[in-house]
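Work through the exercises below with the sequence and coordinates at hand. Each task is followed by a stepwise solution.

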Number of protein chains: 2
Amino acid sequence: MTGELRVIPLRGMPELEQGDDLAVLLVEASSRAGGFEPGDILVVAQKAVSKVEGRVVHLGAVEPSPRARSLAAGADPRRIEVILGEARELLRTRPPLVIAETRHGFVCASAGVDASNAKGPDTLVLLPLDPDASAASLRERLHELTGAEVGVVVSDSFGRAWRVGTTDVALGVAGITAVLDLDGLYDSAGYELHATQIAVADEIAGAAQLVMGKLDGIPAAVVRGLRLRGDASGKDLIMPRERDLFR
Amino acid sequence: MTGELRVIPLRGMPELEQGDDLAVLLVEASSRAGGFEPGDILVVAQKAVSKVEGRVVHLGAVEPSPRARSLAAGADPRRIEVILGEARELLRTRPPLVIAETRHGFVCASAGVDASNAKGPDTLVLLPLDPDASAASLRERLHELTGAEVGVVVSDSFGRAWRVGTTDVALGVAGITAVLDLDGLYDSAGYELHATQIAVADEIAGAAQLVMGKLDGIPAAVVRGLRLRGDASGKDLIMPRERDLFR
């Protein structure tokens with residue numbers, strides 16, 4: 001864990017459409033950056049994954065329910081209707097802001113529903129149905145195409161309680177450890193560390209965001225220099241309800 | 001924002017004591033890693049800053065109050081007493097776990113009070129009194145010593161609501177932007193981005209944590225390749241109470 005870390009943006013990706021072979025496009029972009037190396041972790045923005053998986057809704061096809069109308073508070077009730085369709089539970093609403101638990105168990109603004117910048121204000125992008133499956137499938141396809149064993153993180157920008165702004169976190173992971181559990185390990189001074197769990201997959205997603213940006217159309221980055229091979233799930237990063245003090 | 005990012009651990013720092021000149025030690029460590037470059041951001045673990053600033057408490061000198069005893073639930077009530085002394089408000093208590101708002105306004109476990117690994121279980125380390133001042137003073141001293149203009153982040157590991165594990169965040173910052181505000185800017189497809197704020201200083205702290213680790217005694221790292229010069233405060237990352245939905 002203690003070598004130098006490099007975070008390399010993957011540039012030159014085209015606008016993505018449903019059915020595009022994202023792995024092929026990522027391999028082309030990575031080739032321009034020197035290709036993948038063993039142990040690399042590929043971070044891909046959720047929005048890119050969702051677009052190729054067709055997780056896109058056009059507002060013209062949405063009929064808002066009375067509940068959506070009452071929550072909208074001046075915002076487009078069709079957008080609220082889409083959010084309600086993605087939500088398992090609403091945690092807080094301050095119209096038109098909705099903090100919800102998604103069907104996957106993620107707690108985030110708008111149940112992860114986001115505007116599709118490229119396709120205009122009438123198109124919304126939903127979270128992938130199964131971000132772990134998306135990550136695993138990308139990982140497998142990248143191995144087929146290049147022979148490289150890379151870890152994959154599907155990331156999204158989440159707000160946080162008590163803090164301003166978003167940081168990117170890992171929704172789905174494949175081939176890496178998501179939470180580094182130092183319980184029972186010893187630090188450099190020989191003292192046992194108790195119950196120290198580090199959400200490394202979230203920190204990796206955040207590091208990648210720093211080079212991906214939202215303005216530049218760079219939907220992916222390679223994080224190089226970590227030794228985190230493992231078999232985790234993005235679900236490992238979701239606080240189990242019985243341990244959650246903030247519901 | 002879109003070049004390659006490098007995160008370089010600063011190795012070989014000694015165990016720190018009150019009164020140590022942290023800047024001198026950091027410059028020595030950075031020299032072994034090739035020195036600072038313009039635009040570098042130095043991330044230093046809060047614990048290192050607190051130790052040299054003498055923000056250390058020995059449990060032998062602590063007399064627990066009745067309130068601390070009632071909250072301790074089998075844990076050391078002296079430790080709870082120290083936490084209460086650092087807390088402005090308790091948000092949640094599940095003895096012996098305490099989520100508190102610190103005097104600075106940070107919401108975190110144990111009001112930021114942590115075991116000092118190196119000094120044994122009877123010594124606790126508190127957060128710096130003013131992490132922004134600590135960051136600014138380090139930045140100034142590094143400039144005196146090397147002529148380099150580096151940004152500084154004082155970081156700590158915070159848990160998060162709804163998610164497992166900690167990620168490092170920025171408590172104090174100097175010489176950089178903490179929150180990148182994309183409101184009114186346009187993405188690569190020409191659509192205006194509304195109210196997108198990215199907590200880049202927190203993502204920088206998290207990226208640095210990936211090479212610092214908790215087991216390796218590496219209290220600092222250099223983040224290179226970002227263009228984030230600015231004049232922010234760590235307070236910019238604290239959600240104002242009136243906007244906070246989770247109190």
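**Exercise 1.** Determine whether B:Ala111 is buried or exposed in this predicted model, and describe its backbone.

Solution. Step 1: count the C-beta neighbours of B:Ala111 inside 10 Å, which gives 26. Step 2: apply the cut-off, by which 20 or more means buried; B:Ala111 therefore counts as buried. Step 3: locate B:Ala111 in the loop between strand E6 (107-109) and strand E7 (114-115) of chain B. Step 4: read its phi, a positive value of about 50°, although B:Ala111 is not a glycine.

**Exercise 2.** Classify the packing of H6(A) against H6(B).

Solution. Step 1: take the axes of the two helices, residues 200-212 in each chain; they come within 8 Å and cross at roughly 125°. Step 2: that angle makes H6(A) oblique to H6(B). Step 3: assign the hand of the crossing, which is left-handed. Step 4: list contact residues, including A:Ile204 and A:Leu210 of H6(A) and B:Ile204 and B:Leu210 of H6(B).

**Exercise 3.** Which residues touch the most other members of the largest nonpolar core?

Solution. Step 1: the core has 147 residues. Step 2: A:Ala201, A:Ile204, B:Ala201 and B:Ile204 touch the most other members. Step 3: for B:Ile204, the residues touched include A:Leu210, B:Ile41 and B:Val223.

Methods:
Residues are numbered from 1 along each chain as its sequence is written. Chains are lettered from A and ligands numbered from 1 in the order in which they are written. This is a predicted model: local features need pLDDT of at least 70, side-chain atom pairs count only at pLDDT 80 or more; totals for chains, interfaces and linings use all residues. A nonpolar core is a set of buried Ala, Val, Leu, Ile, Met, Phe, Trp, Tyr and Cys residues joined through C-beta atoms within 7 Å. A residue is buried if 20 or more other C-beta atoms lie within 10 Å of its own, exposed if 12 or fewer, and partly exposed in between; C-beta atoms are placed from the backbone. Two residues are in contact if their C-beta atoms, placed from the backbone, lie within 7 Å. Axes are lines fitted to C-alpha atoms, for helices over the stretch in contact, and angles run from 0 to 180 degrees between N-to-C directions. Helices (H or I, at least four residues) and strands (E, at least two) are DSSP runs, numbered from the N terminus. Angles under 35 degrees count as roughly parallel, over 145 as roughly antiparallel, 65 to 115 as roughly perpendicular and the rest as oblique. A crossing is left-handed if the near helix is turned anticlockwise from the far one by less than a right angle, and right-handed if clockwise. Lists of a residue's contacts leave out its neighbours within four places in sequence.
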